[in-house]
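Hello,

Here is the structure I said I would pass on. My notes on a sheet and a pocket follow it.

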Amino acid sequence: MSMAGANRGELEKVLEHYRGDRKKYKAACFLIENMVGRYTLVSSRLDSLDADFFDAVANLDVRFEDTEVNVYLVQLKVNAVWNKVISEYGIPTKFQYKRSEDLRSVKADYLIDNIDEAFETLDYPWTSNLPFDDFCEYVLPYRYGNEPLTEWRHYFRNRYRWVVDSLAGNPDPLEACRLINEDIATWFLPAGGGHIFKNHPRSLSAEQLRKCRLSSCVEQAAVALFAMRAMGIAVAHCTIPHWGNRSAGHDFNAVLTKDNEWISFSTAKFNPGENEIVNKPPKVFVKRFSRKLMSEEDLETVKLLDFPYAAYEDITSHLVKTSNIDVAVPDSLKDYASVAYLGVFDNKRWVPVTYSSIKNGKVRFKSMGREIVYLPLYCKDGSLRPLGSPIFLEENGKCHFAVADSANLIPRMVLTRKYGRSKYQLGYAAEMVGAKFQGADKPDFEDASTFFTIDSVPDSKMDTFAVNHVRCRYVRYLFPDIFARGNAGNVSEIAFVGDDGRPLSGKYIGIMEATMGNIRTVFDGNTKNYLRVYLSTDSTVVFPSNVIALASPQPVWIGLDLGEERDVRGVAYCPRNDSNNIYSHCTYELFFWKDGWHSLGKRSGQKDSLVYENVPSGGIFILRNHTEGKEERPFVYEDNSQVWW
């Protein structure tokens with residue numbers, strides 16, 4: 001306890017308090033031994049900002065009735081409060097902070113209360129048979145991040161005491177977890193505040209989470225930790241440090257079953273066994289309160305992983321299909337490298353997600369998530385370098401290497417994007433299906449005739465379609481029945497094409513609720529912005545200019561008064577998209593992999609595509625936009641199209 005300094009007496013007081021209780025004494029030792037490196041950030045300025053922000057958000061009129069709460073509308077309200085507060089205090093990531101180390105600051109009374117409250121749950125049916133080591137790791141901990149410490153167990157135990165009676169002796173932790181998770185959904189929204197928390201430098205306390213009711217995925221996971229652990233349910237904070245098929249990572253939860261299996265869930269969204277992992281994880285870990293004992297050499301090795309590996313337990317094979325990847329180490333490195341890493345591509349670079357020892361000229365990476373391209377790496381002079389060719393781990397568990405073949409060329413490669421379309425982007429595009437393009441001679445469209453209907457999911461770019469000759473004064477885009485579908489009717493751009501092949505212009509018209517700013521959004525020639533529709537009877541919400549706000553469901557349309565009868569020869573449209581298409585104002589550069597990225601030259605976009613000729617076959621490529629944007633994704637070229645990894 002030498003690191004505790006003046007606080008040593010407080011920690012010794014805890015141990016002395018439990019001297020006659022073997023289990024509680026052991027629990028106290030566990031917490032104290034694993035306090036090293038745990039802390040909160042101290043700033044009186046941040047405390048004042050937090051008090052103003054969270055109190056104001058708590059007083060917002062956000063109702064959680066049986067009907068689904070519109071996260072976007074709540075987010076608008078919370079964003080307005082956040083913007084007001086930071087206009088007064090400034091951006092909190094720029095504040096000055098001190099670290100308050102737990103070893104030097106946590107008081108005896110706080111630890112004793114935490115331990116006693118945790119032990120009270122050992123009488124619950126789902127906790128009575130929980131192994132003590134798991135109890136210490138996943139029920140006993142007093143914090144999850146670097147949040148200010150509060151006595152959160154009292155609130156959540158009081159709130160969820162009814163669960164014990166409801167389950168009437170049922171020892172299944174999954175059922176207890178389900179009941180609590182469903183109640184959390186009545187007071188907490190599992191999305192919508194990500195940008196706020198990225199600009200908040202410390203984790204949120206249980207009280208702050210209860211007040212704000214919005215979260216990024218990290219805070220979403222924290223709510224479950226507080227609520228479930230207060231009721232003796234062994235729940236872990238799960239993390240995917242890096243996705244294998246896109247940038248960034250993800251956080252969620254898992255509950256430990258009676259059979260010592262991890263079952264994932266998503267706080268206030270998906271119950272255990274129903275959770276959806278929408279992307280491809282190379283590795284999934286649970287965060288332990290204890291840290292693995294590692295040698296100095298091992299600690300240096302895991303530093304390159306860019307996440308606290310020593311505190312993580314690998315549970316990838318519990319949640320997704322996995323396979324081992326075996327790599328032969330080149331003879332030139334056998335005497336040099338003792339450790340190898342396995343990396344995934346993260347927008348701009350290969351990021352290591354695991355490591356393994358090299359033995360007899362080979363290295364095995366265990367339990368790797370499938371449908372991902374990996375690159376084996378080794379460290380030299382403090383930097384990571386390729387150990388071999390990229391490896392495709394297929395859905396069926398088989399591996400093959402990406403080897404560029406300059407002897408067999410692809411004669412013509414046509415590229416339409418630099419990044420694959422995500423599930424969300426496809427969802428936005430699908431919201432346009434069923435929309436109608438109509439013409440009329442009357443401004444109320446009483447005599448409307450439909451000359452084009454969107455009958456399939458649009459591409460992510462602006463596409464033009466010929467129509468049978470129409471002559472009319474008024475034209476409109478009639479949204480599909482978005483209210484029956486429960487979506488927002490996103491659309492980026494529309495145009496009505498005249499007999500000269502150019503978009504027609506006119507006076508903006510639309511339903512009464514549509515502003516000129518709304519309509520201008522889809523006629524401005526910019527496919528990077530978009531228009532959306534929302535239902536809201538809340539007059540306190542201030543909507544941005546790209547939202548048509550309606551008090552009740554009705555037909556939604558926007559269009560043009562052409563001023564006189566004009567010929568319409570075609571229509572064009574583009575869904576809400578991620579701006580990863582090919583644009584004529586941008587300069588691109590194609591690279592292929594062969595012991596590193598090699599350029600195949602720069603090109604300017606030609607309308608919607610790029611063409612490269614005589615490209616090496618069999619390899620893996622990335623396309624870089626030197627003008628704008630940051631997302632890049634490896635792909636292969638098969639059957640005359642890009643296949644994304």
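In which sense do strand β3 and strand β4 pair, and over how many bridges? Strand β3 (residues 235-240) and strand β4 (residues 250-256) are antiparallel, with 6 bridges. His-237 has Asn-253 in β4 as its bridge partner. Strands (E, at least two residues) and helices (H or I, at least four) are DSSP runs numbered from the N terminus, and two strands pair if DSSP finds at least two bridges between them.

Please note that this is a predicted model: local features need pLDDT of at least 70, side-chain atom pairs count only at pLDDT 80 or more, and totals for chains, interfaces and linings use all residues. Residues are numbered from 1 along each chain as its sequence is written, and side-chain values use heavy atoms, without hydrogens and water.

The open sheet has 5 strands in the order β5-β4-β3-β6-β7, with antiparallel pairing. β5 (262-265) and β7 (312-314) are at the edges with a single partner strand each, so one side of each has no neighbour in the sheet.

β20 (493-497) and β24 (557-574) each give two or more residues to the lining, and β20 has the largest share, 5 residues.

Regards
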